[in-house]
Amino acid sequence: MTSVVLREMRWWDLPPVLALERSLFPDDAWSEGMFWSELAHCRGPRRSRRYLVAEDADGRLAGYGGLAAGGGTGDIQTIAAAPDRWGSGVGSRLLAELLSAATGFGCREVLLEVRVDNLRAQRLYRRFGFEPIGFRRGYYQPGNVDALVMRRADPADEQGTTIHG
């Protein structure tokens, strides 16, 4: 697999981001409006979000991710890699950059939700020091699937973080 370049997500990235979003999360995909709302908070002196895309050398979308920050807490809002990039380190690179952004925002902890049946993603988060702290019952609709809430206490702490790829 070729390497990827991470860069800030911009409005012109939304068509491929939405296509990947809908293919990966057909039942609970984010809308275009949700992404626009998040991107509106990514720039300017009061910015509180960091959204990234991962691109192949040919400019093809390999993944994306986003973080919201406020009150000393970061929240990984979304993170996804194209299926043909699973296991290549795209998710790890995105997550590492989002944790770096959380540190830049002054976050003392980072939270995320992940489907209880998404074991691949849970393994990634555990490698980065996230620990389960609870559940959100019926969080993902339709299907009434629970979310596992995970927390990393210090996004700046590199100990125990293993990045592959």
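Student: How many salt bridges does a search of the whole structure find?

Tutor: The search turns up 12 salt bridges. Bear in mind that this is a predicted model: local features need pLDDT of at least 70, side-chain atom pairs count only at pLDDT 80 or more, and totals for chains, interfaces and linings use all residues. Residues are numbered from 1 along each chain as its sequence is written, and side-chain values use heavy atoms, with hydrogens and water left out.

Student: What makes Glu-38 and Arg-49 a salt bridge?

Tutor: You need a side-chain nitrogen of Lys or Arg within 4 Å of a carboxyl oxygen of Asp or Glu. Here the closest N and O atoms are 2.7 Å apart, so the pair qualifies. The pair links distant parts of the chain, with Glu-38 in helix H2 (residues 32–39) and Arg-49 in strand S2 (residues 49–55), 11 residues apart. Helices (H or I, at least four residues) and strands (E, at least two) are DSSP runs, numbered from the N terminus.

Student: Why is Asp-56 called buried?

Tutor: Buried means under 20% relative accessible area, exposed means over 50%, and partly exposed is in between (1.4 Å probe, protein chains only). Asp-56 is at 10%, so it counts as buried. Arg-85 has a relative accessible area of 4%, so Arg-85 is buried too.

Student: And why is Arg-151 called partly exposed?

Tutor: Its relative accessible area is 32%, so Arg-151 falls in the in-between class. The side chain of Arg-151 meets that of Glu-109 in a salt bridge (2.5 Å, N to O).

Student: Why is Val-5 called exposed?

Tutor: With a relative accessible area of 52%, Val-5 is over the 50% line, so it is exposed. Val-5 lies in strand S1. The C-alpha atoms of Val-5 and Val-90 are separated by 9.5 Å, although these residues are 85 apart along the chain.

Student: Which residues make the nonpolar surface patch?

Tutor: Trp-11, Trp-12 and Trp-36 make it, and it covers about 390 Å². Patches are made of residues with over 30% relative accessible area and no salt bridge: like charges are joined within 9 Å, nonpolar side chains (Val, Leu, Ile, Met, Phe, Trp, Tyr) within 5 Å. Areas come from the Shrake-Rupley method with a 1.4 Å probe; for residues, only the protein chains shown count as cover. Trp-12 has a relative accessible area of 45%, so it clears the 30% threshold. Trp-12 is placed in the loop between strand S1 (5–8) and helix H1 (14–24).
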